[in-house]
Amino acid sequence: MSKAKLVILDCWVSPFCMRVKIALNEKGLEYEAQAEDLFGGKSELLLSSNPIYKKVPVFLHDGKPLCESIIIVNYIDETWSSPPLLPPCSYGRAQARFWADFIDKKVFDACGNIWRSKGEVPVEAKKEFIEILKQLEEALGDKDYFIGTTFGFVDIILIPLTSWFFAVEKIGGFTVEAECPKFSNWMKRCLQRESVAKVVPPPEKVYESVLMFRKMQGID
Amino acid sequence: MSDEIILLDFWSSPFAMRVRIALAEKGIEYEAREEDLSNKSSLLLKMNPVHKQIPVLIHKGRPVCESLIIVQYIDEVWSHKSPLLPSHPYHRANARFWADFVDKKIYPTGKLVWGATGEVQEAAKKELIESMKVLEGELGDKPYFGGESFGFTDVALIPFYTWFYSLETCGDFSIIANCPNLVAWAKRCMQRESVSKSLPDQYKVYCFLMELKKKFEAK
């Protein structure tokens, strides 16, 4: 019997792709990551699997495509139930989905407002970014992970975005550790997990890419 | 703790309509509290401190926010009647994808078609028609987006039918001429009591949106 083939159309620096890989790692699943050249030329497979957005990640399960990282992580959790990434009760799941949605609506754009700044980074952009992290810190409270004692859905959705924080700190001239120490501790805790450490690239490497993106976009 | 269900609501919000439809599909009794969005209640601010927006579903005293998250919550808690999401994970993912497409593509561009003018409006109109055609393509020959039964994607999209008159009048185009199957689908949905009782009249919504537009232009 052939094993189910799991493929991710991937880009190493994409936090959205990292979410999918971490979820697969958490489930102990083997998969193939096919690197896409997002600037040189997207593959035919990517364009045909995600005709609406033409973006990574795309997750292919036995050739059937799934798009949008949060939807993919949900699918992985529903298809391979152990260990569960979402809490068992409906209210807990609604809370997890709420924070995942908040993270998607706010974090990456707030990062972008800083790393895409030409010249001096606007004070408002830095303030907004810190404010968002403080809201997340409040949601985390004294817990080890967002939904309780176990690493789960919200942590998976958020931790990859933090790989871009070093770049944001360098360009913005502040540190997350100084502004949001609880958040910083949560980051360190998650990065110790094998499923995460295998996937999240070194922050300096991401910073190099961000500087390259700035040049490409005519900011530097 | 009471089992009571409260919906913090606003009559013309497509997002609130999604929740009303889901509750009606499940035959759930609830109290709808109309918010004055220019003077938000302390209950709303307490129950949704992060976004301070409706809809908010309060169940057993606990808030659930964000319309698609609320619909999923309703579907999970009252799972014995009228399932909105399919049971197979792949079809669930598909339903979520298209509901998310409505949020990413129909809502923001629709807003610009009735709310903006000039080049911004023109560009939004082109994009909106394009997105509606994509949805029509996804619908195909099926009666509903999920297939034979009314479901999650239908709930996500049908409230925007209340915008059709506003979109056509402000954008000066015909939706039925561009997307006849989508209009047929909308009329099919409107035959369901859960939908027809949850959606306000299109002209009433038009008048409200035009008042809103005037307010923004005045600022």
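If you look at A:Trp186 and set aside its neighbours within four places in sequence, you will find it in contact with A:Leu140, A:Asp144, A:Tyr145, A:Phe146, A:Asp155, A:Leu158, A:Ile159 and A:Thr162. Please keep in mind throughout that this is a predicted model. A:Trp186 is also among the residues that touch the most other members of the largest nonpolar core, which has 156 residues, and in that group it is joined by A:Phe59, A:Phe129, A:Leu136, A:Phe183, B:Leu167 and B:Trp185. The element that gives the most to this core is α4(A), with 13 residues.

One of the contacts of A:Trp186, A:Asp144, also forms a salt bridge with A:Arg189, where the closest N and O atoms are 3.9 Å apart. That pair links distant parts of the chain, since A:Arg189 sits in helix α9 of chain A and A:Asp144 in the loop between α5 and α6, 45 residues apart. A:Arg189 counts as partly exposed because its relative accessibility is 26%, and A:Asp144 likewise counts as partly exposed, at 40%.

Let me turn to a helix of chain A. How many of the eight residues of helix α7 are buried? Six of them are, so the helix, which spans residues 165-172, is mostly covered. The buried ones are A:Phe165, A:Ala167, A:Val168, A:Glu169, A:Ile171 and A:Gly172, and what covers them includes α4, α5, α8, α9 and α11 of chain A. Just after this helix, A:Gly173 takes a positive phi of about 75°.

Next, strand β2 of chain A, residues 32-35, is where A:Gln34 is found. With a relative accessible area of 27%, A:Gln34 is partly exposed, and, not counting residues up to four places away in sequence, it touches A:Val7, A:Ile8, A:Leu9, A:Asp10 and A:Leu45. Its side chain makes a polar contact with the side chain of A:Glu32, at 3.1 Å. A:Glu32 in turn meets A:Lys5 in a salt bridge between their side chains, 3.8 Å from N to O. A:Lys5 lies in the segment before β1 and A:Glu32 in strand β2 of chain A, so this pair ties together parts that are 27 residues apart in sequence.

Another salt bridge joins A:Lys27 to A:Asp77, with the closest N and O atoms 2.7 Å apart. Here A:Lys27 is in the loop between α1 and β2 of chain A while A:Asp77 is in helix α3 of chain A, 50 residues away, and both residues are buried.

Finally, where the two chains meet, the contact takes 25 residues from chain B and 25 residues from chain A, and together the chains bury about 2,300 Å², 65% of it on carbon and sulfur atoms. Between chain B and chain A there are six salt bridges, including one in which the side chains of A:Arg93 and B:Glu76 meet at 3.1 Å, N to O. On the side of chain B that touches chain A, the elements giving two or more residues are β4, α3 and α4 of chain B, and α4(B) gives the most, with 11 residues. By class, that side of chain B has 14 nonpolar, three polar and eight charged residues.

How values were computed: Residues numbered from 1 in each chain as written. Chains lettered and ligands numbered in written order. Predicted model: local features only at pLDDT ≥ 70, side-chain atom pairs only at ≥ 80, totals over all residues. Heavy atoms only, no water. Contact = heavy atoms within 4.5 Å. Buried area = accessible area lost by both parts, 1.4 Å probe. Salt bridge = Lys/Arg side-chain N within 4 Å of Asp/Glu carboxyl O. Helix = DSSP H or I, 4+ residues; strand = E, 2+ residues; numbered from the N terminus. Nonpolar A, V, L, I, M, F, W, Y, C, P; charged D, E, K, R; others polar. Buried < 20%, exposed > 50% of the residue type's maximum accessible area, 1.4 Å probe, protein only. Core = buried A, V, L, I, M, F, W, Y, C linked by side-chain atoms within 4.5 Å. Polar contact = N/O pair within 3.5 Å; in protein donor to acceptor, adjacent residues only side chain to side chain.
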